[in-house]
Amino acid sequence: MQHERYVGFEIKALSNLLRRRLMSTAEHPQGMLTEIEGVLIGYLCHNKKQEIYQKDLEQIFCIRSSTASRLLKRLEDEGLILRSMGEKDARMKRITATARAQALNDEAERRIAATEAVLTRGLSPEEIDQFLATAEKLKRNLLREPAARGLEDPGGGLE
């Protein structure tokens, strides 16, 4: 079946609009946090009671050790994280978010909630549920098919 519009193009355009809206209202005096920095701070803020180490972050975010080191160094220099002796293993440094990071995260969550309200305005709960179910199927399709094979069968079926 031929479509006048491509699903992938519409998803990319929507992603661009969403990122632009979220970033346009972001306030950070030393400059913008990168997406991974914001997500990492969010993770630390939501998991305060856990002991989190660099190795944990490498696994959770699928990043290399060198990337994690640079990322954590920058966040530490910005006063957004602290590294301290771990209780379970004194050889490793526990990573925690500072009060400043918590304030940035709280503001980010407010922006996300406001954007979500704008994004879903006029949609019924059923429409939102259907969109989320469709998005999940699209993700499964992409995860199931290797990129090269996906080019061989552009009309691959949805479930």
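Analyst: Let's start with helix α2 (residues 35-46) and helix α4 (residues 65-77): their axes come within 11 Å and cross at roughly 75°. Helices here are DSSP runs of H or I with at least four residues, strands are runs of E with at least two, and both are numbered from the N terminus. An axis is a line fitted to C-alpha atoms, for helices over the stretch in contact, and angles run from 0 to 180 degrees between N-to-C directions. So α2 is roughly perpendicular to α4, a label that covers 65 to 115 degrees (under 35 is roughly parallel, over 145 roughly antiparallel, and the rest oblique).

Who does the touching? On the α2 side you'll find I36, E37, L40 and I41, and on the α4 side L71, L72, R74 and L75, where contact means heavy atoms within 4.5 Å. Sort these residues by type and you get six nonpolar, no polar and two charged. In that sorting, Ala, Val, Leu, Ile, Met, Phe, Trp, Tyr, Cys and Pro are nonpolar, Asp, Glu, Lys and Arg are charged, and the others, Gly among them, are polar.

A word on where this comes from: the model is predicted, so local features need pLDDT of at least 70 and side-chain atom pairs count only at pLDDT 80 or more, while totals for chains, interfaces and linings use all residues. Residues are numbered from 1 along each chain as its sequence is written, and side-chain values use heavy atoms, with hydrogens and water left out.

Now for another partner of α4. The axes of helix α3 (residues 54-61) and α4 come within 10 Å and cross at roughly 115°, so these two are roughly perpendicular to each other. The contact brings together Q54, L57 and E58 of α3 with S65, A68, S69 and L72 of α4. By type, that is three nonpolar, three polar and one charged.

At a relative accessible area of 10%, E58 is buried (buried means under 20%, exposed over 50%, partly exposed in between, with a 1.4 Å probe and protein chains only). Leaving aside residues up to four places away in sequence, E58 touches I63, R64, S65 and A68.

Between α3 and α4 there is a loop, and C62 sits in it. Although C62 is not a glycine, it has a positive phi of about 55°. C62 is also exposed, with a relative accessible area of 70%, whereas C45 counts as buried at 8%. The structure holds zero disulfides, a disulfide being a pair of cysteine sulfur atoms within 2.5 Å.

Back on α2, H46 belongs to that helix and counts as exposed at 55% relative accessibility. Beyond residues up to four places away in sequence, H46 touches N105 and E109. H46 and N105 are 59 residues apart in sequence, and their C-alpha atoms are 9.5 Å apart in space.

Finally, the wider setting. The chain has seven helices and two strands, and from the N terminus on they run α-α-α-α-β-β-α-α-α. Of its 159 residues, 24% count as buried. Among contacts in the chain with a separation of 6 or more, 52% come from residues 24 or more positions apart.
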